[in-house]
Amino acid sequence: MGEAGRQLRCPITENLSRLRDLVTAFAADAGLGGDRLDDLVLAVNEAADNVLEHGGGTGTLVAGTDAAGIWVDVIDTAGTLTSEHVRRGADATPTVAFRGYGLWLMHRLCDEVTLDHLDDRSRLRLRMRHPGAGGNGASGR
């Protein structure tokens, strides 16, 4: 597995393909693979897209590793995401709609989704645990 304590930091821009590539390489190097890797990359893409579409349009992605696994912080500089959004995303029951499933999806794909506020910014943390570290291991599938 990759070295604990490593970090990736990059701006969130319209080039989500590059962001996905960076997260894929970072997480794979940290030991995440298969469906779990795909799930994390999809969840990060959704979170970054939310920053671009619903937030202030600017943000930062910071990813890191620790003994438990991999975490990715998606920081929205506008601070528009609230704990109510995250709670509704976790508790939502899908309905017939074409939009609005980003947070619901993140909760199903990641082992943990949390939100806090730093100054005027929102920080959404997505976590994937290493197998055997207390994660669900199946990303909700």
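Two strands count as paired when DSSP finds at least two bridges between them. With that rule, this predicted model shows five strands forming an open sheet. Their order is β1-β2-β3-β5-β4, and the pairing is antiparallel. β1 and β4 (112–118) stand at the edges with a single partner strand each, so one side of each has no neighbour in the sheet. From one strand to the next, the twist averages 20°.

Another helix, α2, lies across β1, β2, β3 and β5. α2 runs at about 175° to β5.

Now turn to helix α1, residues 16–29. At 1.5 Å a residue, its 14 residues should span 20 Å; the end C-alpha atoms are 20 Å apart, which agrees. Which residues of α1 are buried? They are L16, L19, V23, F26 and A27. These residues cover an arc of only 95° around the axis, which puts them on the same side of α1. The spacing makes sense: an α-helix has 3.6 residues a turn, so residues three or four places apart point the same way.

What covers the buried residues of α1? The cover includes β1 (7–12), α2 (34–54), β2 (59–65) and β3 (69–76). The face of α1 turned away from its buried side carries R18 and D21, which are exposed. After α1 comes G31, with a positive phi near 105°.

Definitions and conventions:
Residues numbered from 1 in each chain as written. Predicted model: local features only at pLDDT ≥ 70, side-chain atom pairs only at ≥ 80, totals over all residues. Heavy atoms only, no water. Helix = DSSP H or I, 4+ residues; strand = E, 2+ residues; numbered from the N terminus. Expected span 1.5 Å × (residues − 1). Buried < 20%, exposed > 50% of the residue type's maximum accessible area, 1.4 Å probe, protein only. Arc of directions from axis to C-beta. Contact = heavy atoms within 4.5 Å. Axes fitted to C-alpha atoms, helices over the stretch in contact; angles between N-to-C directions.
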